[in-house]
Structure formats: structure tokens, C-alpha cells
Amino acid sequence: MSSPSPTLLAARVGDTVCVKISGRANFASSVDFKRLVHESRARGAQRFLVDLAACPIMDSTFLGVLASLGTQLSADNLPPEQRPIELLNPTPKVADLIDNLGVLHLFRVVQGKDNVERRLTPTYDEVLPKDHDKSLYLWIQDGWQTEEKSVIAESRAKSADNPTL
């Protein structure tokens, strides 16, 4: 049984091209994707937002095209927010495939409805860092040294807007 043909939907806003890939990204769609990126670049596009939420898997050809484009367009020293290709909501399988290929660092990967990059930082300190209300911390406390009731009370005392876990 063959899988349905993948679809690529694209829109350009300013210097940004938004691409939604639905279905299995394969050899056939890789040709269209590569042409889209090259033609858009020739017309002045600088950024590519690639929505992968509806793309359950990529074959090796599409992965190769994506890796090649990432290599051509990204400098290794660019911070994530300046990388020209942004991958939105890749499935865990797709993210693993790209990571196993060794090219995940070439892209900015964004998960979630808000499309906000989140960095989770574990902390084992006795007190939260001063910027705990602005950064996402996983506060790990040793339950053998602190009473469970204290830990629970301290976590409940934080406001709903505080991102601390």
C-alpha cells in the first residue's frame, strides 16, 4: 500500500518563506523543496520556516537535501536565532533522523504552539537562581535532606506565571 503523496504549501512574507510539509517527505517532494529554496533565495529570501508538524517521516533523499541546504545556508558560528532555516514542530522521529545525520546544529528547532525556543536548565542549588522568573529551570532538590512538605509548599508559593518546574 502506497502512502499518500506529500504536499508542500509555501507562502512568502517579506524575506521569509514559510513552508508546510504534510505527509512523508520523500524523493519526489525533495526536488520541489530544493527548487523552492533555491528560487526563493535568488529572489531575495533570507529565512525559511519549515513546518514539520504534519510530516511523520523523511526518507534519506529528503534528509540529504535538507542537510545540504542547511550546510549551504548556515555558518557554524551562527547563534540559533540567526540560522536561516527554522524547523517548526518536527516529530520526535524526524528530529532523531536529522540528529543522527549529525546536522541538527545547522537549524533552529522550535517546538510548541507559541514557537518559542525553550532552554531547560537543571539546578541543584539550595535556592533558585536570581533570574528564575525569566528562565525555565528544573529545580532538583534532594528529598532526603528537605522535608517533602517544605518542597511542596515552596513550589505552590510560586505564581502561575513562574516557569520553574
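Helices here are DSSP runs (H or I) of at least four residues and strands are DSSP runs (E) of at least two, numbered from the N terminus. With that settled, I looked at a predicted model.

**Entry 1: the overall count**

I counted secondary structure in the protein and got four helices and seven strands. Walking from the N terminus, I wrote the order down as β-β-α-β-α-β-α-β-β-β-α.

I then checked burial. Of the 165 residues in the protein, 32% are buried.

**Entry 2**

I traced an open sheet of five strands, in the order E1-E2-E3-E4-E5, with mixed pairing. Which strands sit at the edges? They are E1 (7-13) and E5 (108-110), each of which pairs on one side only. From one strand to the next I have the twist down as 20 degrees on average.

Next I zoomed in on one pair. E3 (residues 47-51) and E4 run parallel, and four bridges hold the pairing on record. Within it, I found Leu49 opposite Glu86 of E4.

**Entry 2: helices across the sheet**

H1 (residues 27-42) lies across E1, E2 (16-22) and E3, and its angle to E1 is about 10 degrees. H2 lies across E2, E3 and E4, and I noted about 140 degrees between H2 and E4.

**Entry 3: helix H3**

I went through H3 (residues 92-101) for burial and found Val94, Ala95 and Ile98 buried. Why do the buried residues line one face of the helix? Looking down the axis of H3, I see them fall within an arc of 100 degrees, so they line one face. What do they pack against? The partners of these buried residues are helix H2 (60-73) and strand E4 (85-88).

Then I turned the helix over. Pro92 and Asn100 are exposed, and they sit on the face of H3 turned away from the buried side. Past the end of the helix I noted Gly102, which follows H3 and has a positive phi, near 85 degrees.

**Entry 4: Asn89**

I looked for Asn89 and found it in the loop between E4 and H3. Its phi is positive, about 50 degrees, although Asn89 is not a glycine. I flagged that because most residues other than glycine have a negative phi.

**Entry 5: Thr16**

I picked Thr16 next, which is found in strand E2. Its relative accessible area is 10%; the cut-off for buried is under 20%, so I put Thr16 down as buried.

Which residues does Thr16 touch, leaving out those up to four places away in sequence? I listed Ala11, Arg47 and Leu49. Leu49 was already in my notes as the residue opposite Glu86 in E4. I also wrote down a polar contact of 3.3 Å between the side chains of Thr16 and Asp15.

Terms used. Residues numbered from 1 in each chain as written. Predicted model: local features only at pLDDT ≥ 70, side-chain atom pairs only at ≥ 80, totals over all residues. Heavy atoms only, no water. Buried < 20%, exposed > 50% of the residue type's maximum accessible area, 1.4 Å probe, protein only. Arc of directions from axis to C-beta. Contact = heavy atoms within 4.5 Å. Pairing = 2+ DSSP bridges. Axes fitted to C-alpha atoms, helices over the stretch in contact; angles between N-to-C directions. Polar contact = N/O pair within 3.5 Å; in protein donor to acceptor, adjacent residues only side chain to side chain.
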